[in-house]
Amino acid sequence: MTEALRLVPRAEAKLAAKDFKSDQEVRWCPGCGDYAVLAAVQGFMPELGLAKENIVFVSGIGCSSRFPYYMNTYGMHSIHGRAPAIATGLATSRRDLSVWVVTGDGDALSIGGNHLIHALRRNVNLKILLFNNRIYGLTKGQYSPTSELGKITKSTPMGSLDAPFNPVSLALGAEASFVARTIDSDRKHLTEVLRQAADHPGTALVEIYQNCNIFNDGAFEALKDQEQAREAVIRLEHGRPVRFGADDTLGVVRNERTGDLEAVEITDANAHRILVHDAHAATPTTAFALSRLADPDTLHQTPIGVFRSVERPVYDTLMADQLDAAVDQRGKADLGALLAGSDAYVL
C-alpha cells in the first residue's frame with residue numbers, strides 16, 4: 001500500500017465481499033447502474049486489507065449518495081455538494097482512516113463544484129467516485145451539469161442551453177494527481193481502476209458512467225453495445241500505443257498542424273505517429289487533449305482508463321508536518337507582539 005495509507009491499521013483477519021455488505025435494504029430503481037458499482041466496490045474492498053472500522057464513505061445528496069448505507073463501514077450521508085469538504089476534514093484529522101467520497105454529476109459539479117476543485121488541487125488523500133448519469137435522478141429527471149446541449153428534460157422542455165462539463169477535463173484542469181474514467185457495466189475495468197485509485201497517494205477522481213434507466217436510459221449505449229463499442233471506446237493503458245477499433249485498426253495521433261489529438265485509420269505511413277499513452281507525464285497537457293476526444297453528444301471515440309497518475313505532495317502529510325513544526329516552536333512565539341504589531345487595525 002502507498003505511503004499515504006501506511007498509517008491505516010491492517011485488518012487482523014482476511015475479509016470477503018460479504019463482510020462489506022450492510023444489513024440495509026438496497027433501494028435503487030430496478031436496473032439502476034448503481035447496483036453494479038456497489039457490487040464492484042464491495043467486491044474490491046477486501047483487497048485493501050484494512051479493517052472495516054478504518055474505512056469511511058462520505059456522500060452528498062442524490063441517488064448515488066445512498067451508498068454509505070449499503071457499506072458495512074463507517075459512513076456519512078452529508079449535505080448537497082459538501083462531501084469533499086467534509087471528507088477533507090476527516091482525512092486530514094484522522095490519517096488512520098481510508099476515506100472515500102461517493103457523489104453524482106449534479107451533486108459534485110453543480111452546488112458542489114467549488115468543493116470538488118479545491119479538494120483536487122490540494123491533493124487531499126481522498127478517493128472520489130463520481131457517478132455520471134447525465135441527469136438529475138433523485139429529483140425526477142431535470143438536466144444536470146453533464147447533460148448534452150439541447151437535452152430535453154422536465155426542466156428544459158425546449159432543450160438545454162448549457163454547455164456540459166467534461167468531469168475528466170475539469171479534474172485535469174484543477175491539477176488533480178489521479179484522474180480516471182470507467183463504466184458501471186464493465187466490472188473488470190471498473191475494479192482495475194478502483195485498484196489503481198486506492199493505491200494512489202493523494203486525491204484520486206474516478207468518473208463512472210452510470211446508467212439511469214428511468215430518466216436517461218441508454219445514455220451510454222454506444223459504449224456498452226458490443227458492436228458500437230469497438231469503434232466508440234478507446235481503452236487507455238500506460239506505456240501502450242493508443243489504438244482501438246476492430247483489430248486495432250484505428251489510432252490516436254497528434255495533428256501536425258494544430259497540435260490537437262485526433263483519431264485516424266492506421267496505415268504504414270502514419271503508424272509511427274500513434275500516440276503512446278503516458279499517464280505519468282509531468283504535465284496534464286496530453287491527458288487533457290485525450291479527454292476532449294469524445295463527442296459530447298454521441299460519445300463517439302470516448303477514452304476510458306487512467307488519464308493521469310502522478311506523484312506530488314499529499315495535503316494531509318504536509319499539514320501534519322506543519323503542525324509538528326508548530327509544536328516544536330511552541331513557547332518561542334510572542335502572541336502579545338503579534339496582536340499589537342504594526343499590522344493590527346486600531347479604531
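At what angle do the axes of helix α3 and helix α5 cross, and within what distance do they come? The axes cross at roughly 40° and come within 7 Å. This model is predicted.

**Helices α3 and α5**
- Helix α3 spans residues 83-93, and helix α5 spans residues 113-122.
- From α3, the contact draws on P84, A85 and T88.
- From α5, H115, L116 and A119 take part.
- By class, this contact of α3 with α5 holds 4 nonpolar and 2 polar residues, with no charged ones.

**Burial of strand β6**
- Strand β6 covers residues 204-209.
- Buried here means under 20% relative accessible area.
- By that cut-off, 6 of the 6 residues of β6 are buried, so the strand is largely enclosed by the rest of the structure.
- Both faces of β6 are covered.
- A204, V206 and I208 lie on one side, and L205, E207 and Y209 lie on the other.

**Pairing of strand β6**
- Strand β4 (residues 126-132) pairs with β6 in the parallel sense, over 6 bridges.
- N132 has Y209 of β6 as its bridge partner.
- Y209 is also one of the buried residues of β6.
- Strand β5 (residues 178-183) pairs with β6 over 6 bridges, again in the parallel sense.
- V179 stands opposite L205 in β6.
- Between β5 and β6, the chain passes through helix α7 (residues 187-198).
- This β-α-β crossover is right-handed.

Conventions: Residues are numbered from 1 along each chain as its sequence is written. This is a predicted model: local features need pLDDT of at least 70, side-chain atom pairs count only at pLDDT 80 or more; totals for chains, interfaces and linings use all residues. Side-chain values use heavy atoms; hydrogens and water are left out. Buried means under 20% relative accessible area, exposed over 50%, partly exposed in between (1.4 Å probe, protein chains only). Helices (H or I, at least four residues) and strands (E, at least two) are DSSP runs, numbered from the N terminus. Two strands pair if DSSP finds at least two bridges between them. A crossover is right-handed if, with the strands pointing away from the viewer, the path from the first strand over the helix to the second runs clockwise. Axes are lines fitted to C-alpha atoms, for helices over the stretch in contact, and angles run from 0 to 180 degrees between N-to-C directions. Contact means heavy atoms within 4.5 Å. Ala, Val, Leu, Ile, Met, Phe, Trp, Tyr, Cys and Pro count as nonpolar, Asp, Glu, Lys and Arg as charged, and the others, Gly among them, as polar.
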